[in-house]
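Hi,

Here is the structure I said I would pass on. Have a look at it first, and then read on for what turned up.

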Amino acid sequence: MRYDIPKPLRQVSMVLDLNKCLGCQTCTIACKKLWNTDEGTDYSYWNSVETLPGRGFPAGVHDPATGGRTVEGGVRRGVVPNLDTAYGRAWTFNHEEARASAGAPDKIWIRPRETVKWGPNFDEDQGQGDYPKDNHYFYLPRLCNHCTHPACVDACPRAAIAKRREDGIVLVDQDRCHGYRFCVEACPYKKVYYDHVRQVSTKCIFCLPRIEEGVAPACARQCPGRLRFVGYRDDEQGPIWKLVEKWKVAIPLHPEYGLGPNVFYVPPMSPPKLDAEGRPTGEPRIPVSYLESLFGAAVHPALEALLAERARRRRGEASELMDLLIAYDWQQNFRLPPRQREVLG
Amino acid sequence: MNRKILLMSAPVAMQPGGYVPVAYADRTTPVTAAAEIAVEPGSGGWRVTLAWACPQPVRETVRETDRFADACAVFAPEAPESPWMTMGAQGLAVQGFLWRADRPGLWAIRAEGLGTMQRSAATGTQVSADWDNGRWRVVLSLPEWPALAAQRRVALAVWRGGAQERAGLKSVSAGWVDVA
C-alpha cells in the first residue's frame, strides 16, 4: 500500500558546482560537528565528499545493485551497508602507547587499533587514467537529496519519515522510528544512516533550524570554495531556478531512479587528454560517458552550455551564468525568504 | 496449553508503504516453520514458553549497522473481533510482549493495525532466554494479563535476525490459538 506523499508548498534546494570543489571536507566537518558527534553516529556523515571515479561512500553507492530502485525507477530490494566494509568504522588510535614510547629507542607510531577496511573518501585522489596522459578525478559532495518522491518515505512501514509541508525537507520522526532500516536499504543514495546506539534512523535535516531563520545549511555556509547555492525551486530570482531551470546546467545525481532529487550538480569540466607527443587532444579527461552514468543524458547539454558561456566570458562578453557560478557576491548564493534573511553585518 | 504451532510467513503484500511489499515479494515461505508454545497460569500471572529452531542465533547488534536480532512476541486480542494478521485494527487492538535477543528485558506492545505498534517497558515481567543446540527457548514470566484472561487466545510471531527479519518480515501463527 503506497503512501500518498503530499506535495510541499515550496521545495528548498541546493546546487553544488563540482568545478569548484576542493575536496577539503570543510562541509563534512561543519555538518559532523553540528549534528553527529554521538557514539551511535560515529561512522555516519550526513554530508560526505567522495573522490570519483571511485567506490564512493558508502562503498558501492553508485552500483545500482545496492539501492532500492532499479535504473528504470522500479522498486527492488536494496542493501543495508556493512559498517566495516561499506562505511568504515570510526577508528580508535593507540595514542597512549605511542606517547609512552616517545623516549624509547623503538618508537611506536600512531595507528588505528582496528583492522582498517574502508572509510569515508578512502580512495581519496586515486581517480583513474595514466599520468600525464589522461589521469583524472573530481570530488562529489553528497547529502540527502530531499527527494520529491523519497524512497525512504516509501519504505518505512511505520510512516516515521515525511516531507515537511513548508519546505519539502525530509525528516525522520525518531519517536516513531523502530530502527527497522528499510529506509537505509531503499535509499539508492544511501543517505539515511542508522544510529546503532539509539537504534533509530538518522539523516540530513537540511539544517532546518537554520533554514527557518533564513540561514543556509552549515555545509553551504562553511564551504571555502563558495560552490554551494541554496534557495527555493520556485524562486525565479534565485540561483536555484537560474541554474536548474533557466540555464539547465545544474542536474540531479542518478536521475534514473526516478526519485526527483532536489540537490543538483553543475558537472565538472576537465582539461584535455594528451596524445603520445604530449599535445592536447581536445577530448576531456573525465569521460563524458562516465559523467552520464552519474548524471544521465542531461550532462551533455549542461557541459555544452558551460563551455559556451565560459568561451563567451573569455571573449570579454557578459555571461550571467559565469558571473553566478563565480560567486562574486557570495551572499547571492543563498536566497532564502527575505524576512528571514541572515544579517551578516 | 502446550502445543506445536505451524507458522506462516506474514503476508508482505499488506505491509504499509510501497517498498516492502515489492522488495520482499519473494518471502512467501516462513523462515521459521514451527514453534512450540506453552501458556500456563502462574502465581498471579502467566508463564509463557516459546521455543523454535534457529541455526545461527543473532544476539548482538550494537556497533553494527546491518545486523538484526532474533526476536519473538506473544499477543492476545483486546476484543473478540481483534484481527491478528493485521496486528489489530482501529478500536480492535492487540497487545502482548516482545522479546529481542539484544535487549535484557521485555517490551509491552500494543497495536491497532500494521505499522502502529507502540512499545513500552514491560513492568513486572521477567524473561529468560537460552539458545542451545540450534533452538531458542524463551520463558516469559508475566503479571496479570487481562486481555488473555478475558479472551483466552494468543498468537505468536518469530523473527530470525540472520535472515534480515524485522517488522512485518516475520513468521507468525496463522491465527489466534485457543488457550485451554
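A quick definition before the numbers: a residue is called buried when its relative accessible area is under 20%, with a 1.4 Å probe and only protein chains counted. Please keep in mind that this is a predicted model.

On that definition, 54% of the 345 residues of chain A are buried. As for the surface, chain A exposes about 15700 Å², and carbon and sulfur atoms supply 52% of that area.

Now the overall build. Chain A contains 11 helices and 12 strands. Its C-alpha trace spans about 65 × 60 × 50 Å along the principal axes. The radius of gyration of chain A is 21 Å, which agrees with a compact globule, because a globule of 345 residues would have a value near 20 Å. Among contacts in chain A with a separation of 6 or more, 66% are between residues 24 or more positions apart.

Last, the charges: chain A has 47 positive and 43 negative ones, and their mean positions lie 2 Å apart.

Cheers

Definitions and conventions
Residues numbered from 1 in each chain as written. Chains lettered and ligands numbered in written order. Predicted model: local features only at pLDDT ≥ 70, side-chain atom pairs only at ≥ 80, totals over all residues. Heavy atoms only, no water. Helix = DSSP H or I, 4+ residues; strand = E, 2+ residues; numbered from the N terminus. Rg over C-alpha atoms; globule rule 2.2 N^0.38 Å. Buried < 20%, exposed > 50% of the residue type's maximum accessible area, 1.4 Å probe, protein only. Contact = heavy atoms within 4.5 Å. Areas by Shrake-Rupley, 256 points an atom, 1.4 Å probe, with all protein chains shown as cover. Lys, Arg positive; Asp, Glu negative; His and termini not counted. Charge placed at Lys NZ, Arg CZ, Asp CG, Glu CD.
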